[in-house]
Amino acid sequence: MIVIKRKQATVIGLALLVCVAGYANLSYKKTNAEISEKNPIGSVQLVDEGDYLAEARLSREDGRAGSIEVLNEIIYDEQSDDSAIAAAQEEVQKMALRTGVENEIEALVRAQGYLDAMVYISDSGVNVIVKSDKKLTSENVAQIVSIVQEKTSVEPNNIKVIEAA
């Protein structure tokens with residue numbers, strides 16, 4: 001029988017809350033995004049570019065920094081039990097891996113000739129924001145979805161390609 005102490009449940013709940021808050025922060029920053037339905041090869045949305053990609057990257061990093069700060073408090077708190085520390089360490093490791101994969105996908109998308117790209121990986125899927133000097137075609141979207149799939153193994157219907165205007 002598994003017994004979860006009150007302190008463990010609180011720490012795990014806080015860690016999950018921080019992760020959800022980081023994701024929600026990025027999601028709500030998309031003030032100019034138009035929501036579209038998903039399709040089998042990913043979906044395309046048009047957003048007002050401005051300095052959107054820089055703001056999105058900053059928001060993504062700010063959210064992660066806050067999450068890592070809370071997780072580090074759990075890890076280095078002498079009163080934290082071993083299971084809470086292990087869970088926090090695992091979450092920090094997952095964030096570091098996601099960051100590396102996001103950076104790799106962004107570089108690969110830019111290498112395909114796009115002006116810029118910003119990727120956000122979550123448990124529910126992947127969002128790719130692409131800045132291009134021309135309108136994205138179905139073939140372009142399929143190419144980007146293929147890159148994401150190769151690096152993440154995420155199903156195409158969980159990959160959203162968003163075109164910066």
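Helix 2 comprises 25 residues (residues 52-76) and should span 36 Å at 1.5 Å a residue, which agrees with the 36 Å between its end C-alpha atoms; the expected span of a helix is 1.5 Å times one less than its number of residues. Helices (H or I, at least four residues) and strands (E, at least two) are DSSP runs, numbered from the N terminus. The model is predicted, with pLDDT of at least 70 needed for local features and 80 or more for side-chain atom pairs to count, whereas totals for chains, interfaces and linings use all residues. Residues are numbered from 1 along each chain as its sequence is written, and side-chain values use heavy atoms, with hydrogens and water left out.

The buried residues of helix 2 include Y52, L53, R60, R64, L71, I74 and I75, where buried denotes under 20% relative accessible area, exposed over 50% and partly exposed in between (1.4 Å probe, protein chains only). The loop between helix 2 and helix 3 contains S80, which counts as buried because its relative accessibility is 11%. A polar atom of the S80 side chain lies 2.7 Å from the backbone oxygen of I74.

The largest nonpolar core contains 18 residues, and those with the most contacts inside it are I105, V109, V126, V128, V130, I144 and V161. Such a core is a set of buried Ala, Val, Leu, Ile, Met, Phe, Trp, Tyr and Cys residues joined through side-chain atoms within 4.5 Å. Two or more residues are given to this core by each of helix 3 (82-111), strand 2 (116-122), strand 3 (125-131), helix 4 (138-152) and strand 4 (159-164). Helix 4 provides the largest share, 5 residues.

Strand 2 is largely enclosed by the rest of the structure, because 7 of its 7 residues are buried. On one side are D116, M118, Y120 and S122, and on the other A117, V119 and I121, so that both faces are covered. Strand 2 and strand 3 run antiparallel and are joined by 7 bridges; two strands pair if DSSP finds at least two bridges between them. A hairpin of 2 residues links strand 2 to strand 3, and M118 stands opposite I129 in strand 3.

V130 also lies in strand 3 and, with 0% relative accessibility, counts as buried. Beyond its neighbours within four places in sequence, V130 is in contact (heavy atoms within 4.5 Å) with residues including V109, D116, A117, I144, V161 and A164. The C-alpha atoms of V130 and A164 are separated by 5.7 Å, although these residues are 34 residues apart along the chain.

How values were computed. A polar contact is a pair of N or O atoms within 3.5 Å; within protein, one must be able to donate a hydrogen and the other to accept it, and residues adjacent in sequence count only if both atoms are side-chain atoms.
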